[in-house]
Amino acid sequence: MSTGSAQFFLLISFAGGLAIPYQAAINGLLSKYLHHPLQASAVNFIGGAVFVALLLLYLQPALPAMDNVRKIPWYLFCGGILGAFFVTAALIAVPRIGGTTFLAAMFTGQMVGAVIMDHYGLLNVSAHPVSLTRIAGIGLLAAGMYLVHRG
């Protein structure tokens with residue numbers, strides 16, 4: 001990967017991370033107006049589906065062949081469920097513990113999940129064995145989560 005493309009993907013990743021606390025806060029406020037977190041979660045995903053549909057209309061990628069779609073393992077269609085779980089967790093937690101504490105816990109959970117995924121090479125991710133350095137990093141994240149929540 002060239003330095004320019006790596007910088008582009010780092011920028012996109014940073015921007016995606018920057019958007020998460022705002023998404024959580026917006027959805028939390030929406031939940032108050034709608035009087036239920038699941039309704040706010042539904043509005044969130046309807047808005048996301050409309051956005052992706054507009055992008056697809058604009059970019060007009062070729063549709064996959066049905067034979068290829070039939071070969072896709074069932075569990076690869078569960079990403080939306082995981083996204084809905086994340087958004088709903090944020091909707092429920094952020095108004096009660098705040099965005100910073102939620103994100104600290106979420107980052108710690110993400111890192112634990114990523115280390116497990118990397119260690120075993122799950123879901124076609126290249127394997128990277130667990131190391132003391134990675135465990136120490138997760139320990140520091142957990143300590144940071146505690147300090148953020150306590151503060």
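Predicted model: local features only at pLDDT ≥ 70, side-chain atom pairs only at ≥ 80, totals over all residues.

Biologist: Which helices do the buried residues of H4 pack against?

Modeller: Buried here means under 20% relative accessible area. In H4 the residues that are buried are Val87, Thr88, Ala90, Leu91, Ala93 and Val94. An α-helix has 3.6 residues a turn, so residues three or four places apart point the same way. The partners of the buried residues of H4 are helix H1 (3-34), helix H2 (37-59) and helix H5 (99-120).

Biologist: What is the phi of the glycine that follows H4?

Modeller: The residue in question is glycine 98, in the loop between H4 and H5. At 25% relative accessibility, glycine 98 counts as partly exposed. Its phi is positive, near 90°.

Biologist: How far apart in space are glycine 98 and threonine 108?

Modeller: In sequence, glycine 98 and threonine 108 are 10 residues apart. Threonine 108 is among the H5 residues that meet H6. The C-alpha to C-alpha distance from glycine 98 to threonine 108 is 16 Å.

Biologist: Is histidine 35 buried or exposed?

Modeller: Histidine 35 is placed in the loop between H1 and H2. Its phi is near 70°, a positive value in a residue other than glycine. Because its relative accessibility is 70% and the cut-off is over 50%, histidine 35 counts as exposed.

Biologist: What is the phi of leucine 123?

Modeller: Leucine 123 belongs to the loop between H5 and helix H6 (132-150). With 62% relative accessibility, leucine 123 counts as exposed. Although leucine 123 is not a glycine, its phi is positive, at about 55°.

Biologist: How are H1 and H2 oriented to each other?

Modeller: The axes of H1 and H2 are 8 Å apart, and the helices pack at an angle of about 125°. H1 passes H2 in a right-handed crossing. In the contact, Gln23, Asn27, Leu30, Ser31 and Leu34 of H1 meet Pro37, Gln39, Ala40, Val43 and Asn44 of H2. H1 and H2 are therefore oblique to each other.

Biologist: Which orientation does the axis angle give for H5 and H6?

Modeller: The contact brings H5 residues including Phe107, Met111 and Val115 to H6 residues including Ile138, Leu141 and Met145. The crossing of H5 and H6 is left-handed. Their axes come within 8 Å and cross at roughly 165°. Because angles over 145 degrees are classed this way, H5 and H6 are roughly antiparallel.

Biologist: What share of the contacts with a separation of 6 or more joins residues 24 or more positions apart?

Modeller: The protein has 6 helices and 0 strands, and its C-alpha trace spans about 50 × 45 × 35 Å along the principal axes. Of its 151 residues, 15% count as buried. The share of those contacts between residues 24 or more positions apart is 53%.

Terms used
Residues numbered from 1 in each chain as written. Heavy atoms only, no water. Buried < 20%, exposed > 50% of the residue type's maximum accessible area, 1.4 Å probe, protein only. Helix = DSSP H or I, 4+ residues; strand = E, 2+ residues; numbered from the N terminus. Contact = heavy atoms within 4.5 Å. Axes fitted to C-alpha atoms, helices over the stretch in contact; angles between N-to-C directions. Parallel < 35°, antiparallel > 145°, perpendicular 65-115°, else oblique. Left-handed = near helix turned anticlockwise from the far one by under 90°.
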